[in-house]
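Subject: Structure handover

Hello,

Here is the structure I promised to pass on. Please open it alongside this note.

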Amino acid sequence: MERRTAALTMMLASLGLAACSPAPEPSIPARGAKLFQQTCAACHGADGRGGSAPDLTRLIMDGSGTFPSIETLNRMHEGGDAMPAFRDLALGPTVVVEIEEGIGTPVPEDMLAIWRYLETIQRPDL
Ligand code: HEC
């Protein structure tokens, strides 16, 4: 009985830990949604599902089933053939985020917000 209690306690503890894993701050994607409308929607569509530029809600399908963080950030930073680079825009103060484990990457705050928003609109199951 005592053993079962211990196992249960451990299970609950691990559930507790899972619940505490860092969830994105809700205000960040919300701000990103607004910025997306201002900076990206003209080409990528109001809902991000494509316009004159590709659908951005299926980026998750391009990688290993996970959101291609570095590629997406790079694309915003560098632009593309027909896409402007956003590195020179005033995108707010730079914050350091851990995109790859153990590596801090400086990212402008507004770019981070757009990127977090893009992550929330992915449609992996279509
Ligand atoms: C002037 C139009 C235009 C604007 C504004 C624009 N894009 Fe793009 N974007 C494109 C085009 C066109 C492509 C694909 C061809 C290329 O690389 O130029 C693209 C490609 C991308 C890709 C790669 C998609 C893929 O399937 O690999 C990402 C990610 C992306 N854009 C994100 C953004 C974000 C985020 C913003 C706003 C900060 C933005 N774009 C603003 C035109 C635009």
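What follows is a short account of what was found in it.

The basis comes first. This is a predicted model, in which local features need pLDDT of at least 70, side-chain atom pairs count only at pLDDT 80 or more, and totals for chains, interfaces and linings use all residues. Residues are numbered from 1 along each chain as its sequence is written.

Overall layout

The protein has five helices and two strands. Helices (H or I, at least four residues) and strands (E, at least two) are DSSP runs, numbered from the N terminus. Their order from the N terminus is α-α-α-α-β-β-α. Of the 126 residues, 15% are buried. Here buried is 20 or more other C-beta atoms within 10 Å of the residue's own, exposed is 12 or fewer, and partly exposed lies in between, with C-beta atoms placed from the backbone. Among contacts with a separation of 6 or more, 48% join residues 24 or more positions apart. A contact needs two C-beta atoms, placed from the backbone, within 7 Å.

Ligand site

The ligand is surrounded by 18 residues, and the closest are Cys40, Cys43, Ala53, Gly80 and Met83. A residue counts as near if its C-beta atom, placed from the backbone, lies within 6 Å of the molecule. Helix 3 (41-44) and helix 4 (69-78) are the elements that give two or more residues to this shell. By class, the shell has 12 nonpolar, four polar and two charged residues. Nonpolar means Ala, Val, Leu, Ile, Met, Phe, Trp, Tyr, Cys and Pro; charged means Asp, Glu, Lys and Arg; the others, Gly among them, are polar.

Helix 2 against helix 5

Helix 2 (residues 27-39) and helix 5 (residues 109-120) have axes that come within 7 Å and cross at roughly 100°. Helix 2 is therefore roughly perpendicular to helix 5. Axes are lines fitted to C-alpha atoms, for helices over the stretch in contact, with angles from 0 to 180 degrees between N-to-C directions. Under 35 degrees is roughly parallel, over 145 roughly antiparallel, 65 to 115 roughly perpendicular, and the rest oblique. The helix 2 side of the contact includes Ile28, Leu35 and Phe36. The helix 5 side includes Ala113, Ile114 and Tyr117. By class, this contact has eight nonpolar, three polar and three charged residues.

Core

The largest nonpolar core has 14 residues, and Met111, Leu112, Ile114, Trp115, Tyr117 and Leu118 touch the most other members. Helix 5 gives the most to this core, with seven residues. A nonpolar core is a set of buried Ala, Val, Leu, Ile, Met, Phe, Trp, Tyr and Cys residues joined through C-beta atoms within 7 Å.

Contacts below leave aside neighbours within four places in sequence.

- Met111 is in contact with Met76, Phe86 and Leu91.
- Ile114 is buried, because 26 other C-beta atoms lie within 10 Å. Its contacts are Gly32, Leu35, Phe36, Thr39, Cys40 and Met76.
- Leu118 is in contact with Gly48, Leu56, Leu59 and Thr72.

Pro54 is in the loop between helix 3 and helix 4. Pro54 is partly exposed, because 16 other C-beta atoms lie within 10 Å.

Best wishes
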